[in-house]
Amino acid sequence: MSTRRAAVVGGNRIPFARADGPYAHASNQDMLTVALDGLIARFGLQDERLGEVAAGAVLKHSRDFNLTRESVLGSRLAATTPAYDVQQACGTGLETTLLVANKIALGQIEAGIAGGVDTVSDAPIALNEDLRQVLLDVNRARSVGARVKALGGLRPGQLKPSIPRNAEPRTGLSMGEHAAITALEWGITREAQDELAVVSHRNLAAAYDGGFFSDLVTPFLKLTRDQNLRPDSSLEKLAKLKPVFGDTMTPGNSTPLSDGASTVLLATDEWAAQRSLPVWAHVVDGETAAVDYVHGDRRADGLLMAPVYAVPRLLERNKLSLQDFDFYEIHEAFASTVLSTLAAWEDAAFCRDRLGLAEPLGAIDRSRLNVNGSSLAAGHPFAATGGRIVATLAKLLHEKGSGRGLISICAAGGQGVVAIMEAA
Amino acid sequence: MSDRYLNLVNSAPGKAVASKLGLPRPAVLRRYQVGAPVLPGPALVHGAGLAGVVKDLEVDVRESDDGNTRWAALLYDATDAAAIDDLATLRDFFAGALRRLGPSGRVVVLGRSPAGTDPVVDATRQALDGIVRSLAKELRAGATANLVLVEGDASPESTLRFLLSGRSAYVDGQVIRVGPGAAPPDPARPLEGKIALVTGAARGIGAAIADVLARDGAHVVVADLPAAGEGLAQVANRIGGTTLQLDIAQPGAPATLLGHLGERHGGVDIVVHNAGITRDKLLANMKPEHWDSVLAVNLDAQLRINTALLGSTVLHDGARVVCLASTSGIAGNRGQTNYAASKAGIIGMVRSYAPAFAKREGTINAIAPGFIDTEMTHAMPMATREVARRINSLQQAGLPIDVAETAAWLVSPSAGGVNAQVIRVCGQSMVGA
């Protein structure tokens, strides 16, 4: 079967907000719908039936079982556009891009939208687990006596609700605590992390000032830029912050909890040409990896280290070296994650023992890394980050007019999603 | 915001009280509805040629007054008027029928521009201006009077269709010149297949213009500042248009704009320069940045974009450009030296560009809105706003739709004979001649 390359036509996201900020009362469905509507308005997709819309959220209410489909129904797309939800933690946005791109490549659809959304402000608060069990028992009881007996299981302590935690179910450690272990193992310094954070803010601010996001971001609820962005961030200011994870990781070099949504329009070249729409870049290939962070090595199998394994497999398949890229988009979950990833690729023993490579992947040209800022500055609404990165990289490649970009996104559960895109 | 006073005096008790006390009684204006006839009743027309043109608009035309009929419009062809006595005939025509002019009635006089050859002829022609402007002030119940100056054998049909219909609800006491230029008949959707650009389209008058152009068949590219993108997307999705988030004052904006219109739409047929800002300060207190930003956005950006369009194939032949001026630019306004400079500048700009656009079968015109109810005017103190609303012949504020309908007429293919004009949409405001 012959395949064709999926084109990235463009993207749209809402500015990312800090938790309990301007989007505190916006639901996932509100944000995904408005991000879709901004994309529809930009590309004139009103009443179009697309092949599919794939998106998802990490923190999701049970009532939002059909989140993406409901968002499509609330948008200006034709109601005959099918949709489905995906959840692969922080990898969701890139995974949906790969899913839609693959269907386009296989000739199953002509155009689709990938995306993601997350709110930690409007988080689902569930009933206390004990209380839930009692109530289900009451519901199952057939007689009055059985019901009374079941109700006897009620305790005052059960009034405490169950709030979603930013912790790995199998270790009980938060993502930051996991990252701190990895940072320590790889010897990532506080200074190096702060430096990466400052550059992220500076790059994102410059990109906004230069109008880069004029056709990538549509304001929402009066927020016109990412709320977390601090254009005046400096090493001096960051040095004053107290560590929150380990001895080196502060709120300044870790991403804040965020709310936001992003979308990407993918299509065949022909579909785009028929509508006089641009083709910014093509999706070349993608790879997903996972590590055993529960039982594995503290240094090599850190929770957020899976992209370290995914990238060499992707490079091998595409006969490329790590240095064959004009842009690197490495998701800044924590500054230390990016730095641990780069350190691992430069480490000869690790590359030999764990990646089976005779030579280490080597260093990258740091001036090509996250050139228009990344999650440390923009914020990180889990499932929305992939869409932000795909659209940003596609536009970077379009502006350059040639070249290739690498995307690397780490995700909870010890997973990592990576991809290659090329200028159209 | 609704005009509470207007609503009050149009209720039964309110009407009685206002009438007893001699208070102003603004009328509910007849506004255009899709599919509505040009006029809701018969028109009395003086002049056989004019009667023929009006009949083509599917109007019930009568050429003599039976003394009973309630007229929806009174039209008088004074293009042949050449002596003072000819004006008396005009007076006789109107004096008999004016009392039976219905609500939101229309008075239109056709005349000629003074030619500078014969003082008697020129005096007579210029006299029409005084008659129509005064008559407009005398009319009540939402009726308007306008003068159309016809050049040679140019067709006034498009202008008459506009003036007689509800589209011109807030256009009063105006003088419109019609010259040669393409004037094909208007189909139901006169802008079908056209690509239109409207700047400042996220809200207010710009959003209303986008709505009306889309209603008339155009694909509308709505542009506004990136920070206004949320409202802009809503407008685009409402009308099936597309958004362009752009700061038109940026140096690279004309290139971005032309690139977008060329690549995405294969060119542009209609441009409505609506984007504008105010930074009101007395001149004595005016900071350089307030001065500079208003002139940059309101005037310089338009100059740079228009020049770029004229030098490019992105602008299709037969294109129509409308620039939003303001009555502040005509009459001046305290605290607005910067704004009035930009808006008066637009009038100069339009007149200067007109021959270049005409060479490409296009037109460029200005609209000078008076007091229009928008979010901007809602922010005014109540007393000031109430006074501003009443000091015009229609005794009420205009609506964004009134400006939009005027823009839609000026950009229609049939309005090719209207070029280099400044149309005030102001209800014949007392300020601004």
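Analyst: Angles under 35 degrees count as roughly parallel, over 145 as roughly antiparallel, 65 to 115 as roughly perpendicular and the rest as oblique. This is a predicted model, where local features need pLDDT of at least 70, side-chain atom pairs count only at pLDDT 80 or more, and totals for chains, interfaces and linings use all residues. Residues are numbered from 1 along each chain as written, while chains are lettered from A and ligands numbered from 1 in written order.

User: Why are α7(A) and α11(A) called roughly perpendicular?

Analyst: Helix α7 (residues 190-209) and helix α11 (residues 335-346) of chain A pack at about 110°, axes 9 Å apart. Since 65 to 115 is the perpendicular range, the pair is therefore roughly perpendicular. They touch through A192(A), Q193(A), L196(A) and A197(A) of α7(A) and A335(A), S336(A), V338(A) and L339(A) of α11(A) (contact: C-beta atoms, placed from the backbone, within 7 Å). That contact has six nonpolar, two polar and no charged residues.

User: What makes α7(B) oblique to α15(B)?

Analyst: Helix α7 (residues 204-215) and helix α15 (residues 400-410) of chain B meet at about 50°, with axes 8 Å apart. That value is why α7(B) counts as oblique to α15(B). On the α7(B) side, the contact includes G204(B), I205(B) and D211(B); on the α15(B) side, P400(B) and E405(B) are among the partners.

User: Which classes do the residues of the contact of α7(B) with α15(B) divide into?

Analyst: Eleven are nonpolar, one polar and two charged. Pro counts as nonpolar, Asp and Glu as charged, and Gly as polar.

Conventions. Axes fitted to C-alpha atoms, helices over the stretch in contact; angles between N-to-C directions. Helix = DSSP H or I, 4+ residues; strand = E, 2+ residues; numbered from the N terminus. Contact = placed C-beta atoms within 7 Å.
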